[in-house]
Amino acid sequence: MKITIEALADGAEEEIIIRTNTMDSDIINLIYAVKAGRNRITAFYENEIVQLDSKEVYYFESVDNKVYACCEKKVFEIKQKLYELEEIYKQTNFVRISKSMIVNISKVSKIVPMFNGRLEGVLCNGEKVIITRQYVANLKKKLGI
Amino acid sequence: MNFLKVFINFFSTITLGIVFVCAVNMSLSSGYDVPDSVLWQVLLSGFITSIMTSIGAFVFTAINTKIKLVAAVVIHYALMSVIMISLGVWFDWLNFDIKGIVMMLISVAVVYLIAFLLNYYIIKKEAEGINIALEKHNKRNQ
C-alpha cells in the first residue's frame, strides 16, 4: 500500500483520504484506530461537560446502566455504552476484561494470580481490577501471546 | 467449551492427587491385593469430584470477599469428603468407622492440597507470561 504524506500550510485543516478498492476489515480497523487516537471523549464531571483524552483513561466501567471513565484520580460519566467503546477502541490499548469493564493495558503495571483462580490487574495508580477468566484470552491476544 | 477446559484441568490434577494418595495408602498397608477394578474406581472418583469442582469453580471465581471464599472452600471440602466417603464405602476402600472416615478426610485434604497447588502454579505461570508481554507492550508504547 502506498502512503503519501503532504506537508500543510500553517492553519490548514488536517485530512486523511483513504483510496481503496474494497472496504475490508483492515481498512475499517484503520479508520477506527485513527478516530480513537484522535477522538476525545465527551464526559461529564460535576455537572460540567469536559473533553477527555482516551490516553488518560485507566478503565471504562459499567455500573447500574451508567458508564464511567476512570482516570488516575477522577471518575467521569460518559454516554456511550460499553460495547460501543469496545468497538471504537478495539484497535487501541483498550481491552475488555470482564462483563462490566474495559481496561487501558498501558495503565496496567502488573497481573497478579489470585487463590480463587482469577487474575487481578494492578493499575499504575494502585487500583486493582478483576480479570474474569472468560476474558483472559482476550487480554493475551491483545498482548500477542 | 470453557467448562470442558476447566473440567479437563481439574480432572487431570484431582485424578493425579487420588492416584498419589492411593499409592501411599497401598504402600503403607502391607499384604493388600490391589484388584484390577481400582483403576476404574480411581477414574470414576476423579470424574465425579472434577464435575462437582468444575461447577464450583464458576461460583469460586464470582466470589469477591475473603470470608465468602473461605466459606466456599469449607463447603466444597465437606462436599468432596461426603462424595469420597460414599465412594470409598461402595468401592470397599475403607471401613465405615471413625478410623476409616478420618483416614478418608485426611486423604481428601491431601488431594485438595495437591490440586490447589497445581492449579495455583498454572495460574501463576500464566500471570508471569502475561506480565512479560505486558512489560514489552508498555515499553513499546512509552
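Hi everyone, let me start with one residue, A:Phe60. Leaving aside residues up to four places away in sequence, A:Phe60 touches A:Val67, A:Tyr68, A:Ala69, A:Leu82, A:Leu85, A:Met101 and A:Ile102. Please keep in mind that what we have here is a predicted model.

Where does A:Phe60 belong? A:Phe60 sits in the largest nonpolar core, which has 29 residues. Together with A:Tyr59, A:Ala69, A:Val95, A:Ile102 and A:Val103, A:Phe60 is among the members that touch the most other members. Which elements give two or more residues to this core? From chain A they are β1, β3, β4, β6 (94–98), β7 (101–104) and β8 (108–113), and from chain B there is α4. The largest share, 4 residues, is the one from α4(B). There is also a second, separate core of 12 residues, and its members include B:Ala57, B:Met104, B:Val111 and B:Ala115.

Now let me step back to chain A as a whole. Its secondary structure comes to 3 helices and 10 strands. Reading from the N terminus, the elements go α-β-β-β-β-β-α-β-β-β-β-β-α. Chain A has 145 residues, and 22% of them count as buried. If you take the contacts in chain A between residues at least 6 apart in sequence, 41% join residues at least 24 apart.

Let's look at how some of these strands pair. β5(A) pairs with β1(A) in the antiparallel sense, over 2 bridges. On that side, A:Phe44 has A:Glu77 in β5(A) as its bridge partner. β5(A) also runs antiparallel to β4(A), and 4 bridges join the two. How many residues does the hairpin from β4(A) to β5(A) go through? The hairpin joins them through 4 residues.

Further along chain A, there is an open sheet of 3 strands, in the order β8-β9-β10, with antiparallel pairing. The edge strands are β8 and β10 (128–131) of chain A, each of which pairs on one side only. From one strand to the next, the twist averages 30°. Strand β9 (residues 119–123) of chain A pairs with β10(A) in the antiparallel sense over 4 bridges, and A:Val122 stands opposite A:Lys128 in β10(A). What packs on this sheet? The answer is α4(B), which touches β8 and β9 of chain A, and its direction makes about 170° with that of β8(A).

That brings us to where the two chains meet. In the contact between them, 19 residues of chain B meet 20 residues of chain A. On the chain B side, the elements giving two or more residues are α2 (38–61) and α4 (98–140). Of these, α4(B) brings the largest share, 12 residues. Sorted by class, the chain B side has 10 nonpolar, 8 polar and 1 charged residues.

Staying with chain B, have a look at helix α1 (residues 2–28). This helix of chain B has 27 residues and reaches 39 Å from its first C-alpha to its last, close to the 39 Å expected at 1.5 Å a residue. Which residues of α1(B) are buried? They are B:Val6, B:Phe10, B:Thr13, B:Ile14, B:Gly17, B:Ile18 and B:Val21. In general, an α-helix has 3.6 residues a turn, so residues three or four places apart point the same way. As for what covers the buried residues of α1(B), that includes α2 and α4 of chain B.

I'd like to finish with two loop residues in chain A. Most residues other than glycine have a negative phi. A:Glu46, however, has a positive phi, near 50°. A:Glu46 lies in the loop between β1 (40–45) and β2 (48–53) of chain A. Is A:Glu46 buried or exposed? A:Glu46 counts as exposed because it has 8 C-beta neighbours inside 10 Å, and the cut-off for exposed is 12 or fewer. A:Asn65 is not a glycine either, and its phi is positive at about 65°. A:Asn65 is found in the loop between β3 (59–63) and β4 (66–70) of chain A. With 6 C-beta neighbours inside 10 Å, A:Asn65 counts as exposed too.

Terms used. Residues numbered from 1 in each chain as written. Chains lettered and ligands numbered in written order. Predicted model: local features only at pLDDT ≥ 70, side-chain atom pairs only at ≥ 80, totals over all residues. Buried ≥ 20, exposed ≤ 12 C-beta atoms within 10 Å, placed from the backbone. Contact = placed C-beta atoms within 7 Å. Nonpolar A, V, L, I, M, F, W, Y, C, P; charged D, E, K, R; others polar. Expected span 1.5 Å × (residues − 1). Core = buried A, V, L, I, M, F, W, Y, C linked by C-beta atoms within 7 Å. Pairing = 2+ DSSP bridges. Axes fitted to C-alpha atoms, helices over the stretch in contact; angles between N-to-C directions.
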